[in-house]
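Dear colleague,

I am passing on the structure we spoke about, and I would be glad if you kept it open while reading the notes that follow it.

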Amino acid sequence: MSHRSWSDRLRAAVAARGRLCVGIDPHPALLEAWELPRSADGLEVFAELCVEAFVGEVAIVKPQVAFFEAYGSAGYAVLERTVSVLRDAGTLVIADAKRGDIGTTMDAYAQAWLEPESPLSSDAVTVSPYLGFDSLNETVERAVRHHRGVFVLARTSNAEGATLQQATTTPGGSVAQSIVDAAVVRNRVDPDTVGLVVGATRDHGLDLSDYTGPILAPGLGAQGATIADLADIFRDCRELVLPNSSRGVLAAGPSVTALRDAATRLRDDIEAGLA
Ligand SMILES: O=C(O)c1cc(=O)[nH]c(=O)n1[C@@H]1O[C@H](COP(=O)(O)O)[C@@H](O)[C@H]1O
């Protein structure tokens, strides 16, 4: 794969095809709506239709690992094929695996998602910093070595995140802000490597003024966030806001044309709304 930095590859992809990150989240209800079996075979067709619809149109695709893992090794085999077909076609892949553990174990997760020779090798992976930001050090170092990215949960889109993420730390400031601040420091060494996850569903209350890296912003559509919300919530840092929608786009399937139209319409609306 390319030896260009993650930052260069991400910025070039966004410049060419916009900021939208479409999710591949094969919920059982969606398999049913698409008249596919709830099995690894159904998953495979679902993923193939998504790939056909999104490749060449959107910059980034984010498969939600949980919906593949639910089918065990057969589901993982589908995920491996999906990730590699997308990447071979020049679409950036963020594996939404949300891993979080002690550093040495995290490094094994990082090996799975970020090592070039791994069958699950992706351009970036989502991780949880809630075992301590420094538990991610080995993961971030591996990402830098292989020109990949890491997206760290800061302020998530779900209501339940608030009590933990908005709690005040010993030095003062919220837990979520401490994650932002740690990302700012780490990115001074390797720009853009540490991305943040900040939900689009509410005002995050974060000071993002020193942060210039990518922000994955889930919550559009099914969780109720709108493009106007994005424009408002991220008013000072729109350049690398990567809005994510999964069910909001996937509801248009199973027609490849309808899926592609839903994705390109949303992509164009986002570009207009965040201009
Ligand atoms: O990391 C994520 O992508 C994520 C973080 C977050 O705060 N909220 C959130 O919804 N997500 C993921 O983003 C996707 C949102 O899906 P939809 O609600 O269908 O658009 C799911 O795969 C979630 O797991």
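In what follows, two strands are said to pair if DSSP finds at least two bridges between them. Please bear in mind throughout that this is a predicted model.

With pairing understood in that way, eight strands close into a barrel, in the order β1-β2-β3-β4-β5-β6-β7-β8, and their pairing is parallel; from one strand to the next, the twist averages 30 degrees. One of these pairings joins strand β5, residues 149-155, to strand β6, residues 194-198, in the parallel sense and over five bridges, and within it R155 stands opposite V198 in β6.

Helix α1, which covers residues 6-17, lies across β2 (60-63), β3 (92-99), β4 (124-127), β5 and β8 (241-245), and runs at about 120 degrees to β3.

Turning to the aromatic side chains, the structure holds two aromatic pairs. W6 and F151 form an edge-to-face pair, with 6.4 Å centre to centre and 90 degrees between the planes. Because W6 lies in helix α1 and F151 in strand β5, this pair ties together parts that are 145 residues apart in sequence; both W6 and F151 are buried.

W34 and F46 form a stacked pair, at 4.0 Å centre to centre and with 20 degrees between the planes. Here W34 lies in the loop between α2 (28-33) and α3 (40-54), whereas F46 lies in helix α3, so the pair ties together parts that are 12 residues apart in sequence. W34 and F46 are likewise buried.

Definitions and conventions
Residues numbered from 1 in each chain as written. Predicted model: local features only at pLDDT ≥ 70, side-chain atom pairs only at ≥ 80, totals over all residues. Heavy atoms only, no water. Helix = DSSP H or I, 4+ residues; strand = E, 2+ residues; numbered from the N terminus. Axes fitted to C-alpha atoms, helices over the stretch in contact; angles between N-to-C directions. Contact = heavy atoms within 4.5 Å. Phe/Tyr/Trp six-rings, centres within 6.5 Å; stacked < 30°, edge-to-face > 60°. Buried < 20%, exposed > 50% of the residue type's maximum accessible area, 1.4 Å probe, protein only.
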